[in-house]
Amino acid sequence: MSSASGIARDIDIDSQETQEWLEALQSVLAEAGPDRARFLLSRMSAAAQQWGINWRDARNTPYVNTIRAAHEPPFPGGSDAQSLEEHLASIMRWNALAMVVRANRAYGELGGHISSYASAADLFEVGFNHFFRARDDKFAGDIVYFQPHSAPGIYARAFLEGALTEEDLGFYRREIEAKKHGKQGLSSYPHPWLMPNFWQFPTGSMGIGPINAIYQARFLRYMENRGLLQDQGRKVWGVFGDGEMDEPESLAALSLASREKLDNLIFVVNCNLQRLDGPVRGNGHIVDELETLFAGAGWNVVKLLWGSDWDALFARDKDGDLVDALNRTVDGQLQTFAANDGAFNREHFFGQTAGTKAIGATLTDEEINRLRRGGHDMKKIFAAYQAAADHRGQPTVILAQTKKGYGMGAAGEGKMTTHQQKKLDEEVLLAFRDRFKLPLSDEQCRTLAFYKPADDSAEMKHLHARRAALGGYMPRRKAGDGKLAVPSIEVHSKFALEADGKEMSTTMALVRQLGNLLKDKEIGQYVVPIVADEARTFGMANLFRQVGIYSSQGQLYEPEDIGSILYYREAKDGQILEEGITEAGAISSWTAAATSYSVHGQPMLPFYIYYSMFGFQRIGDLIWAAADQRARGFLIGATSGRTTLGGEGLQHQDGSSHISAATIPNCVSYDPAYAYELAVIVDNGMRRMLERNDDVFYYVTVTNENEAQPSMPAGAEEGILRGMYCLQPQAKAQVRLLGAGPLLKEAIAAGELLRKHWNVAAEIWSVTSYTELARDGIAAERNARLSAEKTALPYVTQQLQGSQAPVIAVSDYVRTLQESIRAYVPGRYVTLGTDGFGRSDTRVNLRDFFEVDAKWIAYAALAEIFADDRKLLQDAAATLGIDTGKPLSTSV
C-alpha cells in the first residue's frame, strides 16, 4: 500500500485471469460506453458487499491526471495563441515580482508575496483568457474569488490592461502615502473597502473565501429559483491554496454544495504543496487527501498534476513503474525534487527502479529539469477548466499541482523559505529574465523596471481581444445604485409605535415587523430571513407557512406536522434560508444577500437572526469580512445579554457582542429596550441602506423577555437613533440613571425604590446605543481640537449638561461598553455591567449575581449621593437586601 496515495500494487497470482477481466471491461467500454461500464462496476461492488467480501474501491485514484491526453480539447487559437498567453503570463510574473521586491527594497517592513502568484500565474491566465466572464449590459458576469496571496499578479494584469498605472504599482502596500500624492494605493490583499471599484470579495483571511464562494453559488441559485435573477449559466470560481484547506471554514460546506447540486461552482485548489513554513503534508499527498474529502462529499474531482511533457513518459510506462513511483513519493520529497536540478532528479526519482531508470534515460538532465507540473501547462489547465465548466449535477474541484516560487530558481523554487522571499539579488533577477525570455536589459532587471509591451504588439492585441470576448475586464466591483422602496414606518411597525401596554418581547416585535415587511407588495419579495436552526426558538414558525423555507428540490416528503397551521413547509421558491446548525454558513448566506446590490445589481434586505453569543464571538472574522465587502443588512442578536437567557449558562449568555460590534467601523449597533425603539432603528436602517445606499450594516440585539410595551413618546426619534433620550425627566434630579436594553426596566425600578424609601429624585434615560454615543464623542473631540471655530459638544454632554448630579449607567453587557462614554459625561460617572462568566439560573438571581438589578442600581446611586454617610448606606443595604460581602462576579 502506498504511503502517499493508498493505491495498492498487490501481487497478481493469476495475471492471465486479470487480463481477461480487464479486456472484458475494455470491451464493454468500447461497445456500450462509460455509463454502462460504470453501471457494471457499481453492481459488482454492491454484490461484493452482499456476499461478504468486505471490499470497497480505493479512496484515491492514481497520482496522475484525471483527463487523459487523448481526451483533451485543442487549445483555442492553437500553439500560437498558447505561446502568446505563456509570454503574457511571464510578463505578469515579472511585474508582480518587481512590484513586491521594489517595495521591500525601499521599505523592508511592507512585506508582500511573490511565490504564491509565481505558482498560480498560469491557472489565473487560462481563467482570464478563456473562462472568467465579466459583467456587461447583457450578462451579469461570473463570480471569482481570488487567492489573496496572488494579489500582486492580479495587479500586474490590471497594469497591462490599462486599469492601473506604473505609479499605482509603485504604491503597492502604501495606500496612505498614495493619497498624499493624489494616487491610488494598492491594498495588500483583496479589500473592497479599500479598493471599492476593483476588488469584489475579501479573501485575505484564510478559509473565508471557500465558504463564502459556496454560499454565493447557493444564493445565486436561490435568486434564480425565486425568479429574482435570470438563469444565465453564470459560474462561481474560487482559486485557493492547498494550505488554506486546513482551515475548518474551507471544508465546512462541501456537503451543502453537492447536496444542492451546485454545478455553477468550481474550485481551483493551487496545490503547490507548501504552506508558509514548509510542506502542507510532508509525509503524504495533500492532493489525495483533498480528493478523498471532496469526492466523499459528492464533488466532481479533477486531478491536474502533470504537464504535457509527461505524456510521452506515461506512454512508455507499460508496467506502471512510473505511476507507482509517483504514488509512492510523498509531498515532502516532491518538494525536494522541485528544489533541485535535473541530475538530482535523475538519480533520486527516476533512479528508483529499472523501469523508471529506463524512462529517465530518454531525457537529458535539462529536459528533466524542465518537466512541468500540470498547473504550469496551459493546455492541460484549459482541458481541466473546460471539463469543469461542462460538468453537470455536481460542483467541481480542480486539484492543480504547481511549484511554489515557480521560476525563482535557486532563490526560492520549491524551497521551505520561498513564502517569505521578498528580496532577490541581481543574479536571481537575471536568471528569472532569461528563463522566461523577457526583453529586459541587465539594467532594467537591476532596477526592477516594469515592462509593458507596445499597444500594437501581438501580445497586447491578444490580451485585449480575449477580455473583449469575455465581456470586459476583471476584477471589477460595481457599487450598485439600485434602490428599494421602503414602506412607511406605520406599515411595518404601527403595532410597536402604538403598543399601549401590550405584552411582547423585542424578539416578537422584530418577527412581527419582519412578517409585515414580507407582506409588503413593494419590498416583500426582496426580504431574506436567515436562521441557523432557531426559527421556532425565535417565534418565526408562522413564517414557514407564509413564505416557505427555500429548498432547491422543493418538498419531497409529507412533514410530520402537516396538520398544523404552522407546519414545516419547504419550497423551491421559499424565502427563508434555514441553514441548519452552522453559524458560519448562515453568515455566509447573509453576506451573499447583503452584497447582492453590488454582485448581482439587485439590492436585497437580509435579516440573519441568531443567538447573540454565537455571532461576533464565534464568527467574528466572517462578519469582519462582510464589513470589508460593504455588506448592507441586519444582524439580529436574539436572546441577547448575559442575564436575559435564564438557565442556559456560560456558553450561551452574551455579555460582549456590542464590544466586538463597536470595533467594526461600518457596523451600526443598537440595544433597544422597547418595541417602538426597535421599529425606529429598523426603519432608519432600511432607509440608509436601501434608499441612500450607505455602505453600513446594523447589529441589533433583542430579547425573549415579555413585558408591557409602552407607546412611543413624542419627539423620541432623534434620541433613539443618536443613542439616548430622556424617558422620565426630573426638574431637580439628584441622580441620573442610564439603562440599556432589558436593564432599562431595572433602572426604572431602581428610580422607584429611591423615591419610595429615600425620597431621592431619579431621572431615567434610555440608552439605545453606547457605541453610537461613543463614536459621536470621539468625532466631537477631534473636531474641537482641529477646528478654529467653536464646535458642537458630544451628544452625551449636550443631553446631560447643566447638572452635576451623578450618573449611573447599566447594561446587560460588560462595563467596557458603558465605560466607552465616560469622557463625555459631566459629573461623577459610575458603570455597572455583567463582567465575568455566565451562570445557569433565573433572571432574578443572575441580575443579583452580576449586581445590575434594581436594588444594586439604587444602592450605587445612594453610594454617590450619600458617600459620607456610612450608617445610611449600611441601613440601605439591609433595606434593599444586598449582601455587601458577596464576591465580585469576575472572581468566582
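Buried means under 20% relative accessible area, with exposed over 50% and partly exposed in between (1.4 Å probe, protein chains only). By that cut-off, 58% of the 892 residues in the protein chain are buried.

This is a predicted model: local features need pLDDT of at least 70, side-chain atom pairs count only at pLDDT 80 or more, and totals for chains, interfaces and linings use all residues. Residues are numbered from 1 along each chain as its sequence is written, and side-chain values use heavy atoms, leaving out hydrogens and water.

**Whole chain.** Show the cartoon. The protein chain has 37 helices and 20 strands; these are DSSP runs numbered from the N terminus (helices H or I, at least four residues; strands E, at least two). Its C-alpha atoms fill a box of roughly 100 × 75 × 55 Å along the principal axes.

**The sheet.** Select the six strands of the open sheet, in the order β10-β7-β11-β12-β14-β13, with parallel pairing. Pairing requires at least two DSSP bridges between two strands. Colour β10 (577-578) and β13 (667-670): they stand at the edges, each with a single partner strand, so one side of each has no neighbour in the sheet.

**Inside the sheet.** Select residues 605-611 (β11) and 634-638 (β12). They pair in the parallel sense over five bridges. Now pick Tyr 610: Gly 637 in β12 stands opposite.

**The helix across.** Helix α23 lies across β7 (527-531), β11 and β12, and runs at about 145 degrees to β7. Axes here are lines fitted to C-alpha atoms, for helices over the stretch in contact (heavy atoms within 4.5 Å). Angles run from 0 to 180 degrees between N-to-C directions.
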